[in-house]
Amino acid sequence: MKAIVQVGYGSPDVLKLKDVGKPAPGDGQVLVRVHSVAINAGDCFTMKGKPFPVRLMLGLTKPRNGRIAGWDLAGRVETVGRGVTAFAPGDEVYGAVGMNGGAFAEYACVPEGSLAAKPAGLTFEQAASVPVAGVTALRGLRDAGKLQPGQRVLINNASGGVGTFAVQIAKALGAEVTGVCSTKNVAMVLSIGADHVFDYTKEDFTKSGPRYDLILDNIGTHSFSDYKRALTAHGRVVPNTGHAGMGYVAKSYLLSMRDPQVGRMFSGTPRTEDLVFLTGLIDSGKITPVIDRTYPFHEIPAAMGYVAQGHVSGKVVVSVGPVGAPASS
């Protein structure tokens, strides 16, 4: 089968299209014939090998064992491993393989607990965009942020992958939503449900405007003291970004242990129950994925380069294409 193998750390040039062996599902795993995949900021971090803890998990000088890149996917079940009861061959599914990768391939093995039935109203490309970004937004708002109906929430970087889902999820949870984005994305953020939008090129939400019960920070553009100035007395900022570097991540973690206004970082592979929750919102019309660009499978390095620039509106997805096309190295 064809797969995108990461042969080192650095630019998209470390991603190579190769012929590799088709995997077999282990106990509790599902073998998925991949129809579409999505690219996350985390894929760019693992490609670059930055921040350094990435290398402690994947390999110091290069990824171990011919790592296949990619987390998010949507496709059809090919076969299932021993003990799998929720899925059967032919089922249309979506989910994520986790940080160790494996999604950027014609076939991928996925833990049963990280898959759900694909929303019937979405294409495979749309469905692939949901798992990591959608579940991250959900966990940040509902779990870490304890968002309640009627509260005011601000989404910093509301036009990005996590941000576009967060705006829609927050509205579905009954919040009054303010988004922060650049001028070119103001109309889009309003169109997906934001009640108010700050154009960060013209004004700073930490210096003007109302106070918020929750700030979901997807980009790390301000200090924590700035964020707290924009919070209500019992408000909370939930940081969700590695873009600002390990210093920001470490500081947010330490603050979360002693400051009730700073939420704990949240991460992890999507769980079936979270995907099912999002499917309910999708089926009811409360969430529609925002797709910036779609690439063919052999152009994944170009797609990764585009995402790494940091100006994506919504998600970038990749159509894997038919099985059997010749691969190159």
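Okay, so let's start with two phenylalanines: Phe198 is buried, and Phe205 is buried too. Buried here means under 20% relative accessible area, with exposed over 50% and partly exposed in between, using a 1.4 Å probe and protein chains only. Phe205 comes in at 3% relative accessibility, so it counts as buried.

Quick word on where this comes from. It's a predicted model, where local features need pLDDT of at least 70, side-chain atom pairs count only at pLDDT 80 or more, and totals for chains, interfaces and linings use all residues. Residues are numbered from 1 along each chain as its sequence is written, and side-chain values use heavy atoms, with hydrogens and water left out.

Now the rings. There are three aromatic pairs in the structure. Rings of Phe, Tyr and Trp (its six-membered ring) pair if their centres lie within 6.5 Å; planes under 30 degrees apart are stacked, over 60 edge-to-face, and the rest tilted. Phe198 and Phe205 make a tilted pair, 6.3 Å centre to centre with 55 degrees between the planes.

And what about Phe205 and Tyr227? Their centres are 6.2 Å apart and their planes sit at 25 degrees, so that pair is stacked. Tyr227 is buried as well, with a relative accessible area of 0%. Put together, Phe198, Phe205, Phe224 and Tyr227 form one aromatic cluster.

Last bit: charges over rings, meaning NZ of Lys or CZ of Arg within 6 Å of the ring centre and within 35 degrees of the ring normal. Lys22 has its charged end over the ring of Tyr107, 4.3 Å from the centre, and Arg142 has its charged end over the ring of Phe277, 5.2 Å from the centre.
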